[in-house]
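Here is a short report on the structure shown below. It covers pockets, salt bridges, a surface patch and a couple of loop residues.

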Amino acid sequence: KHSLYASKVWKYLWRGFKQEFNDDELIYQAGIIGIVFHDAIKYGDPAENRRYTTNTHPEDAAEWMDILVKEITNDFPNHERAQDFASFCETYICRPIRHHQGPWSTYGAPKTLMQQLIFIADFVASQPTFEEEIFKCE
């Protein structure tokens with residue numbers, strides 16, 4: 001549920017800030033990818049069957065994405081946009097993943113707007129009463 005909630009918060013944040021990113025759909029999708037990727041391994045190695053989030057999950061998720069990006073760019077080493085792709089992924093997926101825990105991150109507080117928005121989406125969606133409060137009608 002958390003990834004779904006964080007993605008929904010991201011969607012609303014994007015609506016308010018998309019002009020800062022020239023309304024680039026790829027950047028919007030990168031935010032979704034970052035949110036899903038960082039939660040995909042938040043419990044660490046699935047074989048270890050942990051119940052709680054690992055302290056290293058931002059680094060682990062960003063490393064996982066780095067490996068995927070390197071594999072893709074290595075498959076197309078002569079493609080004129082391979083380096084652009086790698087740079088885009090680092091800027092809009094890997095760095096926001098590394099900084100998504102905000103001031104509690106080992107990488108420090110988010111520095112760019114993208115990093116800040118991903119942090120806010122994740123933080124808001126992680127609040128224990130988020131589901132109750134968001135659907136509460138008075």
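## The second largest pocket

The second largest pocket comes in at a volume of about 190 Å³. A pocket here is an open set of points on a 1 Å grid over the protein atoms alone, where a 1.4 Å probe fits, with protein on both sides within 12 Å along at least five of seven lines; lining residues have an atom within 4 Å of a point. As for volume, that is the space filled by probe spheres set on the points, with grid points joined across faces, edges and corners. Its lining counts 13 residues, and His 57, His 100, Gln 101, Asp 122 and Ser 126 sit closest to the centre.

Two elements give two or more residues to this lining: H2 and helix H5 (113-125). H5 has the largest share, with three residues. Helices are DSSP runs (H or I, at least four residues), numbered from the N terminus. Sorted by class, the lining of the second largest pocket holds three nonpolar, seven polar and three charged residues. For those classes, Ala, Val, Leu, Ile, Met, Phe, Trp, Tyr, Cys and Pro are nonpolar, Asp, Glu, Lys and Arg are charged, and the others, Gly among them, are polar.

## What the model is

This is a predicted model, where local features need pLDDT of at least 70 and side-chain atom pairs count only at pLDDT 80 or more, while totals for chains, interfaces and linings use all residues. Residues are numbered from 1 along each chain as its sequence is written, and side-chain values use heavy atoms, with hydrogens and water left out.

## The largest pocket

Now for the largest pocket, which has a volume of about 260 Å³. Helices H2 (25-40), H3 (57-75) and H4 (82-99) each put in at least two lining residues, and H4 gives the most, with five.

What is the class make-up of this lining? Eleven residues of the lining of the largest pocket are nonpolar, one is polar and three are charged.

## Salt bridges

The model has four salt bridges, each being a side-chain nitrogen of Lys or Arg within 4 Å of a carboxyl oxygen of Asp or Glu. Arg 98 pairs with Asp 66, with 2.7 Å between the closest N and O atoms. That pair links distant parts of the chain, since Arg 98 is in helix H4 and Asp 66 in helix H3, 32 residues apart. Both Arg 98 and Asp 66 are buried; Arg 98 counts as buried because its relative accessibility is 12%, and buried means under 20% relative accessible area, exposed over 50%, partly exposed in between (1.4 Å probe, protein chains only).

Arg 98 also forms a salt bridge with Glu 90, at 3.2 Å between the closest N and O atoms. Asp 66, Glu 90, Arg 95 and Arg 98 are linked in a salt-bridge network. Elsewhere, Asp 84 and Arg 81 meet through their side chains in a salt bridge of 3.3 Å, N to O. Asp 84 has a relative accessible area of 44%, so Asp 84 is partly exposed, while Arg 81 is exposed at 52% relative accessibility.

## A nonpolar patch

Trp 104, Ile 120, Phe 123 and Val 124 make a nonpolar surface patch of about 380 Å². Patches are built from residues with over 30% relative accessible area and no salt bridge, with like charges joined within 9 Å and nonpolar side chains (Val, Leu, Ile, Met, Phe, Trp, Tyr) within 5 Å. The accessible areas come from the Shrake-Rupley method with a 1.4 Å probe, and for residues only the protein chains shown count as cover. Val 124 belongs to helix H5 and is partly exposed, because its relative accessible area is 31%.

## Two loop residues with positive phi

Most residues other than glycine have a negative phi. Asn 22 has a positive one, near 55 degrees, and lies in the loop between helix H1 (2-17) and H2. At 70% relative accessibility, Asn 22 is exposed.

Asp 23 is found in the loop between H1 and H2, and its phi is positive too, near 50 degrees. Asp 23 counts as partly exposed, because its relative accessibility is 45%.
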